[in-house]
Amino acid sequence: MPEIETPVLIVGGSLVGMSAALLLAHHAIRPLVVEHHRGTAIHPRAAMITQRTMEVFRTVGIEQVVMQKSDEQFVQDGAIMALESLTGKELAFFIANLNEGVRDISPSLRLFITQSLLEPLLKSRAEELGAELRFATEMVSFAQDADGVTAELRHRDTGEVTRVRSKYMIAADGAHSPIREKLGIRMLGHGVFSKSVTIYFKGDVAPLMRNRNLSVMYVVNPTLSGFFRIEKPFTSGFLAVHWLGDVKNPDTDVSTGLAEERALALLRSGLGDENVPVKIENIMNWDATADTAEHFQDGRIFLAGDAAHVMPPSGGFGGNTGVQDAHNIAWKLALVLKGLAGPDLLATYEPERRPACEFTVEQAYSRYVTRSAPYLRSDDMQPIENDLPIECGYCYNSAAIVPDSDGPLPARMDPRESKARPGSRAPHLEIEKNGARISTLDLFGRNFALLVGPEGKPWLESGRAAAQQTKVALDVWQIGGREGHALRDPSAQFASAYGISPSGAVLVRPDGFVAWRAKTSSGASAEAITAALASILCLARVKSA
Ligand SMILES: Cc1cc2nc3c(=O)[nH]c(=O)nc-3n(C[C@H](O)[C@H](O)[C@H](O)COP(=O)(O)OP(=O)(O)OC[C@H]3O[C@@H](n4cnc5c(N)ncnc54)[C@H](O)[C@@H]3O)c2cc1C
């Protein structure tokens, strides 16, 4: 039997597994991805991409191409609304314009791009950076020991079995995760509340759109409850159906025995037109659930994406949350594999991601109940919170964060209020580098970054000395002030946006989360910075250069 080695085996090469591969490769770790299917997604599936996910894509150099491809499929800044049918009465706007009121918090914008267009972009960048991808390949068994994971892969066509030895494994194997099952990790939450279907169709429904810029159309009428997504030029799309009939006595099993003729009738009901020529391309069955895995880590194995949390599509959070999982674990695995961080850094994945994911699952559930299934309303349902804290305001409390005098953070904050408190996403501020406008976010992504205020000379010098002393890659930037090396801060807002005095400093992790902060120059020394790095990296002291 052929035997191979890889630092990280990623099982599942869909949206989340491919993102994990790309992010690891971005950190110079070359993982092996195995995917049961013969290629990337053939169905549109997820499409709503949050600003935070676009920020991640910006870091790895694919933001522009994602935006271009999105333009091929969707009119930007569309609305999300409820109607009786495409031709029927308009009931309510959930979002009138996708990016209204959020443009100031990020250099990146929300957009729609289907998985069938997005995954090839992730794949080609991951391969370009050195990830190895094997399609039509199934991971059939695995066992972990103190030093690594041994798995067997089987090629679907040739039947050839390969043994692979890896240091770590990421289970991005979807909602029914066989890996999670084998590890005996339970899913906790609401369980299955609808046996839903997605009806993919082709047909010119442009006249029914009446030039309205609608990205998602929730449909609620006496026949069904569900939602449409239709791509430019409005000749293909899907209707997802959650339940049938009367809201007082809903039939939530839509998928069992659903014949094409009945699916066509449901589609026509959603369209509100009996005559427009439409053809059903495919029907996909899926269970609507809202559950979070009890654990995200078992030894050397990490659950990510739908393997770790499953939520209804309402809100468009599911895939995005999985990309954030991959973003969180990738830099940690890279530093541990390079011998620059202690293995305990990996144990911060679960306490950082699980609470954020569980909250997102509950918010998706509350949106599902409110928008589509009022009969599920209960007293213990979370009240709906704004999208922005869910997308960009989740905060981390773990050993990889050094709290400052403001203390540990709440689980989430409005990103406009977080002001670079340790554990929160570092804020976006427009600055200038070599005459070009950039975002502070463009300073993060690969290395640790120390940002010092316009009067932060003591931290600047300490940061430069610390960068010389340690093998951990540390970029040091002064923002604002008159020094020639400083990045320009045209709005002179850096210190207030980052919650420090002009002489303070902020240490940002490779994933763009603030890890440590000094509000003033008091105590400035290289040792203070290397001590903070050691604490974040779960080491007694950082590796010397
Ligand atoms: C109708 C609908 C609309 C949605 N819209 C949105 C949206 O707008 N925005 C959003 O963020 N989310 C959305 N979602 C959710 C989103 O689709 C999922 O959260 C996302 O696809 C999960 O990705 P994943 O990679 O974790 O899992 P999956 O996409 O399920 O991928 C898992 C992969 O693992 C492979 N696999 C499993 N076991 C093995 C094995 N042993 N060996 C090899 N390969 C294996 C499978 O073949 C599969 O390709 C939507 C979901 C639905 C149903």
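**Rings and cavities**

Tutor: Aromatic pairs in this predicted model come to a count of 18.

Student: Which kind of pair do the rings of F94 and Y218 form?

Tutor: Their centres are 5.3 Å apart, and their planes stand at 85 degrees. Planes over 60 degrees apart count as edge-to-face. The pair of F94 and Y218 is therefore edge-to-face.

Student: How many residues apart in sequence are the parts that this pair ties together?

Tutor: F94 belongs to strand 5 (residues 90–95), whereas Y218 belongs to strand 12 (residues 214–220). The pair therefore joins parts whose separation in sequence is 124 residues.

Student: Is Y218 buried or exposed?

Tutor: Buried means under 20% relative accessible area. Y218 has a relative accessible area of 3%, so Y218 is buried.

Student: Which kind of pair do Y396 and F513 form?

Tutor: The ring centres of Y396 and F513 lie 4.3 Å apart, with the planes at 20 degrees. Planes under 30 degrees apart count as stacked. The pair of Y396 and F513 is therefore stacked.

Student: How many residues apart in sequence are the parts tied together by Y396 and F513?

Tutor: Y396 lies in the loop between helix 10 (387–392) and strand 19 (430–433). F513 lies in the loop between strand 23 (505–508) and strand 24 (514–518). Both Y396 and F513 are buried. The pair therefore links parts separated in sequence by 117 residues.

Student: Which residue lies over the face of F94?

Tutor: F94 also belongs to a cluster, linked by ring pairs, with Y200, Y218, F227 and F238. At 4.4 Å from the ring centre of F94, over its face, lies R371.

Student: How many charged residues are in the lining of the largest cavity?

Tutor: The largest cavity holds about 80 Å³ of space, and its lining includes R353 and E391. Arg and Glu count as charged. Beside four nonpolar and five polar residues, the charged residues of this lining number two.

Student: Which strands each supply at least two residues of the lining of the second largest cavity?

Tutor: The second largest cavity has about 60 Å³ of space. Among its lining residues are L214, S215, I230 and E231. The strands that each supply at least two residues are strand 12 and strand 13 (224–231).

Student: How many cavities of 30 Å³ or more are found?

Tutor: Rolling a probe the size of a water molecule over the atoms shows where empty space is left. Across the whole structure, the number of cavities of 30 Å³ or more is four.

Terms used. Residues are numbered from 1 along each chain as its sequence is written. This is a predicted model: local features need pLDDT of at least 70, side-chain atom pairs count only at pLDDT 80 or more; totals for chains, interfaces and linings use all residues. Side-chain values use heavy atoms; hydrogens and water are left out. Rings of Phe, Tyr and Trp (its six-membered ring) pair if their centres lie within 6.5 Å; planes under 30 degrees apart count as stacked, over 60 as edge-to-face and the rest as tilted. Helices (H or I, at least four residues) and strands (E, at least two) are DSSP runs, numbered from the N terminus. Buried means under 20% relative accessible area, exposed over 50%, partly exposed in between (1.4 Å probe, protein chains only). A charge sits over a ring if NZ of Lys or CZ of Arg is within 6 Å of the ring centre and within 35 degrees of the ring normal. On a 1 Å grid over the protein atoms alone, a cavity is a set of points where a 1.4 Å probe fits but cannot get out, and a pocket is an open set with protein on both sides within 12 Å along at least five of seven lines; lining residues have an atom within 4 Å of a point. Grid points are joined across faces, edges and corners, and a volume is the space filled by probe spheres set on the points.
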